[in-house]
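Subject: Structure for your review

Dear colleague,

Please find below the structure that I am handing over to you. I would be grateful if you could read the notes that follow it alongside the coordinates.

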Amino acid sequence: MSTDPASQLPFYHGSVSRRDAERELMLADMEDGLFLLRQCQRSLGGYVLSLTYQGVFHHYPVERLPNGTYGIPGSMPHCGPAELCEFLSREADGMPCALRRPCLRAPEQPPRKGLFDTLRENLLRDYVKQTWSLEDAEDIEQAVISHAPQLEKLMATTAHEKMAWYHGKISRQDGERLLNTGSKTDGRFLVRDSEAGTFALSMLYGKTVYHYRINQDKSGKYSIPEGDRFDTVWQMVQYLKMKPAGLMTNLSEECANSTKAAKSPALPAGRKQHQNGYTPPPRATSFLRPSLPAPSAGSQLLPMDCSGFANAYHNPKDLKKFFINRDQLVMDEVELGSGNFGCVKKGVLKTMDNENGQIDVAIKVLKNGDESLVKDEMMREAEIMHQLSNAFIVRMLGLCQAESLMLVMEIASAGPLHKFLQSNKSSVTVEGIVRLMHQVSMGMRYLEEKKFVHRDLAARNVLLVNQTFAKISDFGLSKALGADDGYYKAKTTGKWPLKWYAPECISFRKFSSKSDAWSFGVTMWEAFSYGGKPYKKMNGTQVVDYINEGNRLGRPSQCPEPMYQLMMDCWTYKHEDRPDFQQAEGSMRTYYYSICNQPQPGDEAGAAQPTK
Ligand code: AMP
């Protein structure tokens, strides 16, 4: 998983040192204008551009500015590292020459991960695991991928709280006492809250304790007076372990906070754990601006601000029995909706799985009457659902045979996507839609990997747990593909949702993940048109002709161009040339992460001035 916008660039080498970068450039002949990009160790999300000219190496820091743009200090900002390099290949803009030839990574080799990447990824997993009480590695992975941009913002501001060297609110004298107790190693250190409102670094050197004030500038960057600037305190500490950078010596041994060491692995301090494992975090501030005030009402809701996430990710494994006893179920009068089989009611399932002893569920109740045929269909749907377990797919909890046959599922109470969007136009942003559709693509990618075809993907079958959490539902038409089969061939046609179907479904009755990808394109169209009806004035047969003549749905007015491009790719006539879900999810993720990295309302524009 990478949220790094440079990760796809073939000349981005990741976390390599200046010396390694120079060696790479030397091996590539050092011609004028040869360049590579690497990760900056000091700034979160920053880079260094290394260039050769007339046998000399030049290294330029590329800063990620508070407004989400990237630039070499003192020159023009660009919206991403790729755009910056593209620009510098046309204009030297103060460098000795323009970028001419990229020094590429070895083929198949990903950019080298840095200490920060690993630390950050571990922290993300740890945070997600604890906040939402997730056990299953797969569930943790899904949650991390879907919420990475928001979680990283939080991590950046709170990661130091998890470090053993952070002692919180202790006095200068207490800091001295702690450092004077135990080993007398030069560079032994701790970080504490300073009276001035930021942090202080206390370090032992030659039996004396030195205290350094950690300042924070307007752009949120931290520095020791006259020293380098860092995005986070933990980055500063890691850096100062490698280089003294103005201190008496490098930081060495951590003077550990014993209250933290006792707890394993500590949650950020001062946060109370609620039932269901949900822990309300601090309001995360904008990335790179940790100390500025929290966003006011109306600003973006972060996943960790929302108790719905604990439930949405909840994977009640103990309940995954195929049959449920009737006395475990209490059915409400509230009807959530109705479909082919009958109605779906709200209910409660008594369980030993959580503290409350019960969970809210949705119960699909078979219509009484024409039992046998419909009953078989519902049993088939249950068999499919029973084999699936993914955060972005409605989980089946069991079947209950009593007064009627009942399919018990986790509840997605905010209802179908198209209806939700129709009634919440003003509060759901385009970014919110991208996030929801990315989750749908993750659920579909899982289905593709498990070799199932959905055959009825549409906005009506994407149910919302809340405004930021989507789950795919309705497996009434779904099929498991054989291990060696790429598609399912229907024996006959049926009551099919033609407007969502790919040409090969209609012409040859062939269904595959690629035909689901076509439906995904139509679902995206519905989402970006806020619940609009596709091909509004046409019937199914007219749509088939319309598609065969080469026409496609137009771009919804609010739909970003890259998202419309993905829809159009999903509507590639030949299934061989159409993206599968591995590709579609990849494109959705790249776009989603890129827009999350863009400025938030209220972010300041312009470059931060160096303090040096
Ligand atoms: P279906 O028969 O699967 O098409 O479901 C019919 C309607 O019931 C859907 O459009 C939803 O409004 C509602 N529904 C189905 N499953 C659920 C669920 N798991 N949680 C909440 N509502 C549901």
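The notes below turn to the ligand site, then to one helix, and finally to some loop residues.

Please bear in mind that this is a predicted model.

Ligand site

The ligand is surrounded by 15 residues, and the closest are Lys-364, Glu-410, Ala-412, Leu-463 and Asp-474. By class, this shell comprises nine nonpolar, three polar and three charged residues.

In the side chain of Lys-364, an N or O atom is 2.8 Å from an oxygen atom of the ligand. Glu-410 takes part through its backbone, where an N or O atom lies 2.9 Å from a ligand nitrogen. A polar backbone atom of Ala-412 is likewise 2.9 Å from a nitrogen atom of the ligand. Taken alone, the ligand exposes 480 Å², of which the protein buries 89%.

As for secondary structure, at least two shell residues come from each of strand S11 (329–338), strand S13 (358–366) and strand S15 (405–410). S11 gives the most, with three residues. At the level of domains, the ligand lies between domain 3 (316–410) and domain 4 (415–595), because both give residues to the shell around it.

Helix H11

Helix H11 covers residues 430–449, 20 residues in total. From its first C-alpha to its last it reaches 28 Å, close to the 28 Å expected at 1.5 Å a residue. Of its 20 residues, 17 are buried, so H11 is largely enclosed by the rest of the structure. Lys-451 follows H11 and has a positive phi, near 65°.

Loop residues

Two further residues other than glycine have positive phi values: Gln-54, near 50°, and Glu-108, near 70°. Gln-54 sits in the loop between S2 and strand S3 (56–64), and its relative accessibility of 58% makes it count as exposed. Glu-108 belongs to the loop between strand S5 (101–102) and helix H3 (115–131); its relative accessible area is 81%, so Glu-108 is exposed.

Gln-41 is found in the loop between strand S1 (34–39) and strand S2 (47–53). At 28% relative accessibility, Gln-41 counts as partly exposed. The C-alpha atoms of Gln-41 and Phe-230 are 9.0 Å apart in space, although 189 residues separate the two in sequence.

Yours sincerely

Notes: Residues are numbered from 1 along each chain as its sequence is written. This is a predicted model: local features need pLDDT of at least 70, side-chain atom pairs count only at pLDDT 80 or more; totals for chains, interfaces and linings use all residues. Side-chain values use heavy atoms; hydrogens and water are left out. A residue is near a molecule or strand if one of its heavy atoms lies within 4 Å of it. A polar contact is a pair of N or O atoms within 3.5 Å; within protein, one must be able to donate a hydrogen and the other to accept it, and residues adjacent in sequence count only if both atoms are side-chain atoms. Accessible areas come from the Shrake-Rupley method with a 1.4 Å probe; for residues, only the protein chains shown count as cover. Helices (H or I, at least four residues) and strands (E, at least two) are DSSP runs, numbered from the N terminus. Ala, Val, Leu, Ile, Met, Phe, Trp, Tyr, Cys and Pro count as nonpolar, Asp, Glu, Lys and Arg as charged, and the others, Gly among them, as polar. Domain bounds come from an automatic or database domain assignment. The expected span of a helix is 1.5 Å times one less than its number of residues. Buried means under 20% relative accessible area, exposed over 50%, partly exposed in between (1.4 Å probe, protein chains only).
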